[in-house]
Amino acid sequence: MDGPERDTVRSLLAELWRERLQPSRPGSGRETPTGKLIHGLLFLTALLSAFVTVGIVLVLIFETVEFFREVPFIDFFGSTKWSALFAEKQFGVWALVWGTGMIALIGLAVAIPLGLMAAVFLSEYSPPRVRAVVKPILEVLAGVPTVVFGYFALLSISPVIRDIFGQDVGIYNALSAGIVVGLMIVPIIASLSEDAMRAVPRSLREGAYALGSTRMEVSLRVVLPAAFSGVVASIILAFSRAVGETMAVTIAGGGNPQFGVGPLEAVQTMTAMIVQLSLGDTPTTSIEFKVLFAVAMTLFVLTLGMNFIAQWVSHRFREEYE
Amino acid sequence: MPRNFFTLMRSSAPVGTAAPASNGALLEPPPSMKRDAADGVGVHLDPNLEAVRHEFTEEVETALQLRNVSAFYGSFQAIDKMTMPIPRNRVTALIGPSGCGKSTLLRCFNRMNDLIPGARIEGEIEFEGRNLIDPNVDAVEVRRRIGMVFQKPNPFPKSIYENVAFGARINGYSGDMDRLVEDALRRAALWDEVKDELDKSGLALSGGQQQRLCIARAIAVQPEIILMDEPASALDPVATLKIEDLMRELAEEYTIVVVTHNMQQAGRVSDYTAFLLAGEERVGRLVEFGPTQDIFTNPLDQRTEDYITGRYG
């Protein structure tokens, strides 16, 4: 996971855990000069990361406004045709949203069952020793460079898809990219859902067992519903990760920004388009360069929205156990 | 004075065996488990065990018969060779100081210890002719027949209705669920308080109500025995009294085994009392078992008397 996403994950986790521990503030008393220095340094670093975030957002907004001065709003959001690099330029962002959405949904279709089953296994079935080995390995999966996943899709997944659906399916297709994105986000769903499920008090499990529940009934009817908010939050975070995924889909998805194509055809995501536009020789004053920021802004708003929904869900459906 | 004392006094026949009167077929042990008919009650089964047993003053069936039950957590032995009956349709209290193995023993009765890695039980607990701690006996089945109420109320984060219906649903109950839920809530003396808000979360109830909800939840599975692990220790005195009244009422239909730290409570609610004690090696042993009145007014073992009079514990 990348920096900002990891931070979101962390803050969500903190929410989920309902940490009541308020750090005491020793700075309120007298401080030594060294203490003051460290205090100031830490404050500056905190300020720096806040500035970077604000700066990014400001640049995005500024360039996006520039773009919409030249291209009408309606041409961007009201069209499904994209041809930014051709002589006759069209900027219908829906062509890119289509590719992004399809790959993200295929990814979720792969990752939700796998991730939840892994979470149920780790939380309810596996002996502690197995869990101590399996969970870190699963989390390492999240640290594999995404470019590796991209080549994995091309070299291992696409050939299988072509064996199944026929050799006229291109090696670059949305299904292959979607599956590999799914594999990438399995650790997010598995790890966060498992954390949420383990946070369910043991007394609830015992209550269910005492009524004659099998382990499966305890897992699916008591623990999973009790951990629902955490599970949903993990899925939404995984979705926003899938939407923001860049390298693997750039490599495996092909470069075909078309609205309405099927999963066996090449598509282009917003992120892949940004990569393409920002490579090399696009002049910084050109409209092709500016549209990059409009697309990035769309992506930013989309993932931010997803994160807000995740926060809301985890608050709204949080189960109080006591 | 609790009314059960009168019952005890009126009974005349000092029979202390698993009386096969009404339920003989169920209670008849298989040949492999047959023992001296009087085992565990009224006599010293094994002089090495040192446990004192009072004679029963009433004729009573046996719901559970323990024989040399020992429990271990890994290499640590928690209880050692306990032999005693649990009388049917009576309230039996397990008392003793902390760490004497009361809860461990209780959790043997419905195989809850199976859930703890490294936990192991030896001996026999005879339930309807079968040894319920036999690994071939399905623990899930045992728990459907022998319910449990815990120290801290633990309703599921579901509606009141769903809390009660939960056990019936997983058991594939196909009858009238509304009636089952109402009946269980009535028996748990909770119906009048919650009948208009069955959709409300079980967690929104007060502690005492939550505990009665947990009792209703256990009743809805229609068990034969209900185990209660200090069911009132987290409740205020008023809620505690309600739970105690409820235990007396439930004893008319169910066999109840209750672990309690509270001597007065054991005296108020139970018909029979087992006093457990752990020695210096922290292994819990049964010291004395008999009708509650006898244990409290005429303990035969000095250690029981010391505990009851509050000299330790």
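This is a predicted model: local features need pLDDT of at least 70, side-chain atom pairs count only at pLDDT 80 or more; totals for chains, interfaces and linings use all residues.

Me: Why is α2(A) called oblique to α13(A)?

Reply: Check the angle. Helix α2 (residues 33–70) of chain A packs on helix α13 (residues 287–316) of chain A at about 125 degrees. Roughly perpendicular runs from 65 to 115 and roughly antiparallel needs over 145, so α2(A) counts as oblique to α13(A). Their axes are 8 Å apart.

Me: What makes up the contact between α2(A) and α13(A)?

Reply: From α2(A) you have Leu60(A), Glu63(A), Thr64(A), Glu66(A), Phe67(A) and Glu70(A). They meet residues of α13(A) including Ile287(A), Lys290(A), Phe293(A) and Phe300(A). By class, that contact has nine nonpolar, one polar and four charged residues.

Me: And how do you know that α4(A) and α10(A) are oblique to each other?

Reply: Helix α4 (residues 94–125) of chain A and helix α10 (residues 228–244) of chain A pack at about 140 degrees, with axes 9 Å apart. Roughly antiparallel takes an angle over 145, and therefore α4(A) and α10(A) are oblique. The crossing here is right-handed.

Me: Which residues of α4(A) and α10(A) meet?

Reply: On α4(A), look for Thr100(A), Ile103(A), Ala104(A), Gly107(A), Leu108(A), Ala111(A) and Ile112(A). On α10(A), look for Ile235(A), Ala238(A), Phe239(A), Ala242(A) and Val243(A). This contact splits into ten nonpolar, two polar and no charged residues.

Me: What are the domains of chain A?

Reply: The domain assignment gives domain 1 (27–70) and domain 2 (82–316). Their C-alpha centres lie 30 Å apart. Six residues of domain 1 and eight residues of domain 2 form the contact between them. On the domain 1 side, two are nonpolar, one is polar and three are charged.

Me: Last one: what does chain A bring to its contact with chain B?

Reply: Chain A gives 17 residues and chain B gives 21 residues. On the chain A side, α8 (202–210) and α9 (215–226) each supply at least two residues. The largest share, six residues, comes from α8(A). By class, that side of chain A has seven nonpolar, five polar and five charged residues.

Notes: Residues are numbered from 1 along each chain as its sequence is written. Chains are lettered from A and ligands numbered from 1 in the order in which they are written. Two residues are in contact if their C-beta atoms, placed from the backbone, lie within 7 Å. Helices (H or I, at least four residues) and strands (E, at least two) are DSSP runs, numbered from the N terminus. Ala, Val, Leu, Ile, Met, Phe, Trp, Tyr, Cys and Pro count as nonpolar, Asp, Glu, Lys and Arg as charged, and the others, Gly among them, as polar. Axes are lines fitted to C-alpha atoms, for helices over the stretch in contact, and angles run from 0 to 180 degrees between N-to-C directions. Angles under 35 degrees count as roughly parallel, over 145 as roughly antiparallel, 65 to 115 as roughly perpendicular and the rest as oblique. Domain bounds come from an automatic or database domain assignment. A crossing is left-handed if the near helix is turned anticlockwise from the far one by less than a right angle, and right-handed if clockwise.
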